[in-house]
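Me: I would like to learn how to read the features of a fold, one at a time. Can we work through an example together?

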Amino acid sequence: MAIRKKAKKAKAKSKHASKKVVKLKSKKPAAKAGNGLPRPSSKPYGAAGKALDGIKILDFTHVQSGPTCTQLLAYMGADCIKVERPGVGDITRGQLRDVKGADSLYFTMLNGNKRSITIDSKHPKGKEILERLIKHCDVLVENFAPGALDRMGLTWDYIHKTNPRMIVASVKGFGPGPYEDCKVYENVAQCTGGAASTTGFREGPPLVTGAQIGDSGTGLHLAFGICAALYQRTRTGRGQKVFTAMQDGVLNLARVKLRDQQRLAHGPLTEYSQYGEGVAFGKAVPRAGNDSGGGQPGWILKCKGWETDPDAYIYFITQAPVWEAICDLIGKPEWKTDPDYAKPPARLPRLKAIFATIEEWTMTKTKFEVMDLCNAVDIPVGPILSMKEIAEEKSLRDTGTVVEVDHPTRGKYLTVGNPVKMSDSITEVKRSPLLGEHTDEILSKVLGYSAKDVEAIKASGAITPPDKPAKAEAA
């Protein structure tokens, strides 16, 4: 009996000891701070990886709105796999081409930091590759014409069933409503989003702006939505649809005009120059020339050299807090106490004459001299910078806002770098990919196809150009 008890104790002791050994060998969980996040990295700032490292983007975009979005995500570190049709590719590769036989700047400036794979989505093997990519990636981004993705068989139900964690992000022209099936381009978006009706001079027609607020502006909105969906996925574990309409994006950027539309119901818009001129307002927000949208009277004035230089101008704001400084600077100190000029309400009917007097002063100086003199006394002004001046501006090169990139077929070109600067996620701007440049690499290293499989796929025609290249479908 005693022997049995001793044996039992020894066995228990041995079992307990073995548990201890296992416990010692097991890995400790990663250290967490009190809020559940990892402890701060000990790596130097800028050396801890990029913001979106590990995120994989399946890029079905073309032209401008979608590529703007995916390029921003790629700048932030996401692995962006651009899917293109064999022998055709993104339609902008050949649009507005300036170097014969090379991808156009239209394409290269919107598709940096991406990898390109060519796939025939109608080919059975091509469909298999796409399915593997859907399983592999975190986000699918597309800006096809309405219904095009569904016609490819890539419905939300199919994608979500294949990869429940995938986020499907889309740009379309309009949201649900009478126009949702219509195709939209940049200027159409500017017109339907309210920007064109409020741009230009009162006596002239509506104007579109040179800034691509319809295409690139909507791409920016979509990138924000994707990042938000990725963050939510860390809590829910599932993907969702992210949708941005170009009309909505433009309206968001023109929101101050919707503000003014509501104010108009309660009386004239006193900060608009037409009020000071005694011109009656209509039922809708008018075009206001170069009036400031912030409520401060402003105008674009000529500077020295304007006769031969179309950009020798400066934007000048007669802001109330710096009115006295303006008077001193332009040689009109008496305006500081003159009842016709001293207060903003008194100045309103005289704005044209006031700006004409200020312009007499600005015309004696270059736009940069005006800027230096005004900034010294806190008067806000903005020189009209030409694209040539922006391209050659050293400070923009130094900050990575304008970047020179080397391309294998077109040589060096300038592109716009990441407009978002982050101290711990350094952006490296890389050139755009050649058509299908990374097809083999993606098939083998990303999707795990063997060398034999890759050769078979090539022979099948799933990734090679058809006999007669089809036209790419524009959004």
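Reply: Begin with a definition. A salt bridge is a side-chain nitrogen of Lys or Arg within 4 Å of a carboxyl oxygen of Asp or Glu. Keep in mind that this is a predicted model.

Me: How many salt bridges does the structure hold?

Reply: The count is 26 salt bridges. One case is the pair R93 and D103, whose side chains meet at 2.7 Å, N to O. That falls under the definition, because the cut-off is within 4 Å.

Me: Where do R93 and D103 sit in the chain?

Reply: Both R93 and D103 lie in the loop between strand 2 (79–84) and helix 3 (105–108). They are ten residues apart, and the pair links distant parts of the chain.

Me: Next, sheets. What is the strand order in the open sheet of six strands?

Reply: First the general idea. In a regular strand the side chains alternate between the two faces of the sheet. Now the case here. The order is 3-2-1-4-5-6, and the pairing is parallel.

Me: Which strands stand at the edges of that sheet?

Reply: Strand 3 (114–118) and strand 6 (241–245) do. Each has a single partner strand, so one side of each is left without a neighbour in the sheet.

Me: How many bridges pair strand 4 with strand 5?

Reply: Four bridges, in the parallel sense. Strand 4 covers residues 139–142 and strand 5 covers residues 167–172. For one partner to look up, take L140, whose bridge partner in strand 5 is V168.

Me: Which strands does helix 8 touch as it packs on the sheet?

Reply: Helix 8 (residues 215–236) touches strand 4, strand 5 and strand 6. Its direction makes about 160° with that of strand 6. Helix 9 (residues 246–253) also packs on the sheet, touching strand 5 and strand 6. The direction of helix 9 makes about 65° with that of strand 6.

Me: How do helix 8 and helix 9 pack, by angle and axis distance?

Reply: Two packed helices are described by the angle between their axes and the distance between the axes. Here helix 8 and helix 9 pack at about 95°, with their axes 9 Å apart. That angle is why helix 8 counts as roughly perpendicular to helix 9. In helix 8, D215, G217, T218 and H221 make the contact; they meet M246, G249, N252 and L253 in helix 9. By class, that contact has two nonpolar, five polar and one charged residues.

Me: And at what angle do the axes of helix 2 and helix 8 cross?

Reply: At roughly 45°. The axes of helix 2 (residues 65–75) and helix 8 come within 7 Å. The angle makes helix 2 oblique to helix 8. The crossing is right-handed. Helix 2 contributes S65, T68, C69, L72 and L73 to the contact. Among the residues of helix 8 are L220, L222, A223 and I226. By class, the contact of helix 2 with helix 8 has eight nonpolar, four polar and one charged residues.

Me: What is the order of the open sheet formed by three strands?

Reply: The order is 7-8-9, and the pairing is antiparallel. Strand 7 (298–302) and strand 9 (381–383) stand at the edges, each with a single partner strand, so one side of each lacks a neighbour in the sheet. Five bridges join strand 7 to strand 8 (residues 313–317). Within that pair, G298 stands opposite I317 in strand 8.

Me: Which helix lies across strand 7 and strand 8?

Reply: Helix 14 (residues 351–362), running at about 40° to strand 7. Helix 15 (residues 367–375) lies across strand 8 and strand 9, at about 160° to strand 9.

Me: Last, what joins strand 10 to strand 11?

Reply: A hairpin, through three residues. Strand 10 (residues 402–407) and strand 11 (residues 411–416) pair in the antiparallel sense over six bridges.

Conventions. Residues numbered from 1 in each chain as written. Predicted model: local features only at pLDDT ≥ 70, side-chain atom pairs only at ≥ 80, totals over all residues. Heavy atoms only, no water. Pairing = 2+ DSSP bridges. Helix = DSSP H or I, 4+ residues; strand = E, 2+ residues; numbered from the N terminus. Contact = heavy atoms within 4.5 Å. Axes fitted to C-alpha atoms, helices over the stretch in contact; angles between N-to-C directions. Parallel < 35°, antiparallel > 145°, perpendicular 65-115°, else oblique. Left-handed = near helix turned anticlockwise from the far one by under 90°. Nonpolar A, V, L, I, M, F, W, Y, C, P; charged D, E, K, R; others polar.
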